[in-house]
Structure formats: C-alpha cells, structure tokens
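Here are a few notes to go with the model, jotted down as numbered points. Have it open alongside while you read.

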Amino acid sequence: MLEELAAATAGGIPCAAATIVRASGSVPRPVGTTMLISGTGIIHGSLSGGCVEAAVVAAAEEVLAEGRPRLESFGYSDTDAFAVGLSCGGTLEVFIAPVFPGTVPAVPDAGAPCVLIRRIDDGGGTVPLLIEDPAEATPAGLLSAHGPALAAMLGTDPARAAARLAPLLAAGRTGVVELGGRQPGEPECGGGSAVLFLESRLAPPRLVLIGANDFSAALARQGRLLGYRVSVCDARPLFTTPDRFPDAHEVHVQWPDSYLRGEASAGRLDARTVVCVLSHDARFDVPVLAEALRRDFAFVGAMGSRRSHDARLAALHAAGLTAAELAKLHSPIGLDIGAATPEETAVSVFAEIVAARSGAAASGQPLRAVSGPIHPINRLRAS
C-alpha cells in the first residue's frame, strides 16, 4: 500500500489510511487490509465489502480534520442488524491515521519485501518506521540501522524490543505486537510498553508448474490472478515456449528436478512455494517430486490416475523418501467438484491449494454444511 499512499498524497492533498489491525469472529478481509480515503473524497480499497465502509469514511474525515489518528472497533449488533457493524458477525479493530504529503516512507523497488511498523496505542504521535530486507533482520542489525527511530517510537531503550521484533520481521508476519511485561530471563528495565502494528510486504509466492500442457496454461492464468509468481518448466523444447504460456512470468526448458534444485539453492523458493506436477511422465514426475517433497514447501501436488499415484508412491519409496515426506504429497491433485476442462481443473486444484494453505480448520465442505466463522482470521501477539 506504500505506492498507493505515495500516489494519493502526490498532489499535496492529505489522505487517511484505515487499516485492519485486529479481527475476531467471521470477517471478510484479513489483518493488514488497508483502505485509503483521500481528502478530496476518493476511496481506494475496501475493508469489509460494504459492511462498515461508510462509518470508516466518516471516521476518516474526522481524523483528517483533527490531524490525529484513532483506533475504532466495528462489530455486529444483535439489537439492530442495520446498525454500523459487520453483518457476518465478526469484529474489526481499524487504525485510522492521517497521512500528509511528504510523510510517506520512501518506497522500495516495486515488489521488494519490506515491513512498515506503526505504534497504535499512543494517539499516533510517532513516525512510522520502514524496514527493508526484513528477512535479514537481526536484533543487532535493527539497532544499528534503526536504533534512534525505534527509541523515538517507543520512548525508551529499544534493545529489548529489537530482540522481540527481529524474528517476526524475518518471518514476514503481519499483525499487532504487544511489547510489555518482562519475559523470562529478561532484566527488569528496558523495552517499555507499546502496541505496534507490523505490516509486512513479501515478494509474491512462487507457483512452479511442471509439464507444458493445457492444464499448466490454465493453472498459470489462475495462479497469476491469485498473486503468485508463475514458472512453467518442462524438458521438451517443442512444447515449452513462452507463447503457449502467456500468463506465466517465466518459462524454462530444463529437466524439472534440476530446475527446482537450482531455484532452491539460489534462495528463490521458500515455505510459501507451491509445486504442481502435471507432466504425466514418470521420467519427470518421480525425480522432481522427490526433490520437492524433501523440502519445506507449502504444497506439493501431482496429477494422474489412482494407478499412476500408486506407481509414483512406490517409486518415491524406492528412491528413499520417508513416510512423513510421502504424506505431504497431494495426489491425485484437486478437490472433487466434477471438473472436466483444464479451466475447471484449475479451479479444483486451487481449491485444494487454498484449503491446504489455510490450515487444518478448512474442511473443504460447502459453507452451508459447516458451523463457525466463514472467514479466516490472521492475528499476531508477541507479549
């Protein structure tokens, strides 16, 4: 949202940034979602799909008039279903802050990872802090590069806070961090009490598609729409051409296991990476699956019949993979929704990917058949 903030204030007009900092129950948007309200009345983004936007805009206008931020809470009203609140039953805490021209931190290169830290418990009198290269954050590095800024934000010696913040920055976490109270083994003094909001921006997650066919083309379109950086890899140059995969960010003619190993060694794959093996060829499938399943990826799936699945498992077991590694394989890939075409299959596959990445709470059942919140919640506490 840094780029949008810079653009919104480029004309010398202030705006207000309304950001979800806490959420509970069933809410439609995750922690970290931001809506911008320009001083000219132009709105960018949405926090709830319409439930609380009007109230947020009204609060933002007051924030701009007063020049001071505030923390607002929005929830469902049992006594008046049409009161300001979330009809889906959840609760949002929204930090609304004025943003004046010239106060937006310098924007790093487009797509570069960074973290914006804001204090939300003191009436907004402190300047936000931008951390670049958060994956490399260490307590000593934070103090060296940002010690004075942290001290100004916290009003105290920042050493203890830096020790707590560094692992959260490196993990790319977004959410509220409560710095207060003495932790086991820590001295009585230093660190102070503060409530910070960490808003992380990571490089897009990787979607690696093995096999140059129509299913990969459909998955590339879907993956790009969902914000992945899409790579297609196949060892057959006749099929593996950029014009066949216009939605892929990159297309590689290479043996897939060698490609995956090289990308991992170069640090371009991480725990958010999704690998889908769609080649239907054991020469490619088994080596690249062995490479993928031995790594800490978010999702590894393979297309094929149940007979192909059994044969793959036997070959992977013979290649030395453990039972725990084999258990990570999603095969046959996709959820049972009756998909037939490559485009429908892409929906089926991404339904399973989303379910797997959202955690064990996702049942994969129709929402009308399950109870509890229908939206995931992302919360972060470090106290």
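1. Start with Trp255, which is partly exposed at a relative accessible area of 44%. Keep in mind that this is a predicted model.

2. Tyr228 belongs to the loop between α5 (214–225) and β11 (229–234), while Phe350 is in helix α10 (residues 342–358), so the pair ties together parts 122 residues apart in sequence. Both partners are buried: Tyr228 has a relative accessible area of 8%, and Phe350 has 3%.

3. Back to Trp255, which forms an edge-to-face pair with Phe284, at 4.9 Å centre to centre and 65° between the planes. Trp255 lies in the loop between β12 (250–253) and α6 (256–265), and Phe284 in helix α7 (residues 282–293), 29 residues apart. Phe284 is buried, with a relative accessible area of 3%.

4. Helix α2 (residues 53–66) checks out on length: at 1.5 Å a residue its 14 residues should span 20 Å, and the end C-alpha atoms are 20 Å apart. Its buried residues include Val56, Val57 and Val63, and the buried set packs against β1 (15–24), β2 (34–38), β3 (43–44), β4 (70–75) and β5 (91–99). After α2 comes Gly67, with a positive phi near 75°.

5. The second largest pocket holds about 470 Å³ of space. Of its 23 lining residues, Ala203, Gly267, Arg268, Asp270 and Arg272 lie nearest the centre. The lining has eleven nonpolar, three polar and nine charged residues.

Note on methods:
Residues are numbered from 1 along each chain as its sequence is written. This is a predicted model: local features need pLDDT of at least 70, side-chain atom pairs count only at pLDDT 80 or more; totals for chains, interfaces and linings use all residues. Side-chain values use heavy atoms; hydrogens and water are left out. Helices (H or I, at least four residues) and strands (E, at least two) are DSSP runs, numbered from the N terminus. The expected span of a helix is 1.5 Å times one less than its number of residues. Buried means under 20% relative accessible area, exposed over 50%, partly exposed in between (1.4 Å probe, protein chains only). Contact means heavy atoms within 4.5 Å. On a 1 Å grid over the protein atoms alone, a cavity is a set of points where a 1.4 Å probe fits but cannot get out, and a pocket is an open set with protein on both sides within 12 Å along at least five of seven lines; lining residues have an atom within 4 Å of a point. Grid points are joined across faces, edges and corners, and a volume is the space filled by probe spheres set on the points. Ala, Val, Leu, Ile, Met, Phe, Trp, Tyr, Cys and Pro count as nonpolar, Asp, Glu, Lys and Arg as charged, and the others, Gly among them, as polar. Rings of Phe, Tyr and Trp (its six-membered ring) pair if their centres lie within 6.5 Å; planes under 30 degrees apart count as stacked, over 60 as edge-to-face and the rest as tilted.
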